Amino acid sequence: KASSLLVKLMMSLSKFEEAMSNCRVILSNLGVVFPVNVSLPVGLREMMGMQTMLSNITKDQITSLPPMTNKDKIAAMKFLNMFCMCSIISKPLMLPLLSSRMMKLTFEYGLCADSIVGLATA
């Protein structure tokens, strides 16, 4: 809770780099690692991979996923959501990587409230 509040405070103060840095550390502790920077080719490759992954997925398949129950993965999704909000403003090339990771976690561990962010940015 405290880490989440700290990231939200940084976001409200427009300290997006600090907020993303905190998200990166917390996510790393939860087993989800991200680079500090993403190049255009990496972002494009990730977008193409995500397009391929989602091309044969229907709305019914997504809504029929079981609920996410792993507490670490639910926490990771919350921080990925906040990371997405910061990256839209501060590092938009990071968004495809974040969205892809959110979708992979959703398909592997189930659907949660934050899964919609990954879908919406996919």
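Which residues form a nonpolar patch on the surface? Select Leu40, Leu44, Met47 and Leu93, which form this patch and together have about 360 Å² of accessible area. A patch of this kind is made of nonpolar side chains (Val, Leu, Ile, Met, Phe, Trp, Tyr) joined within 5 Å, in residues with over 30% relative accessible area and no salt bridge, a salt bridge being a side-chain nitrogen of Lys or Arg within 4 Å of a carboxyl oxygen of Asp or Glu. Accessible areas come from the Shrake-Rupley method with a 1.4 Å probe, and for residues only the protein chains shown count as cover.

This is a predicted model, in which local features need pLDDT of at least 70 and side-chain atom pairs count only at pLDDT 80 or more, while totals for chains, interfaces and linings use all residues. Residues are numbered from 1 along each chain as its sequence is written, and side-chain values use heavy atoms, leaving out hydrogens and water.

Next, colour by helix: Leu40 belongs to helix α3, residues 40-54, and the chain has seven helices and zero strands (DSSP runs, H or I of at least four residues for helices and E of at least two for strands, numbered from the N terminus).

Now select Cys23 and Cys86. Their sulfurs are 5.7 Å apart, too far for a bond, because a disulfide is a pair of cysteine sulfur atoms within 2.5 Å; the count of disulfides is zero. Cys23 has 0% relative accessibility and counts as buried, and Cys86, at 0%, is buried too (buried means under 20% relative accessible area, exposed over 50%, partly exposed in between, with a 1.4 Å probe and protein chains only).

Note on methods. Patch = residues over 30% accessible without salt bridge, like charges linked within 9 Å, V, L, I, M, F, W, Y side chains within 5 Å.
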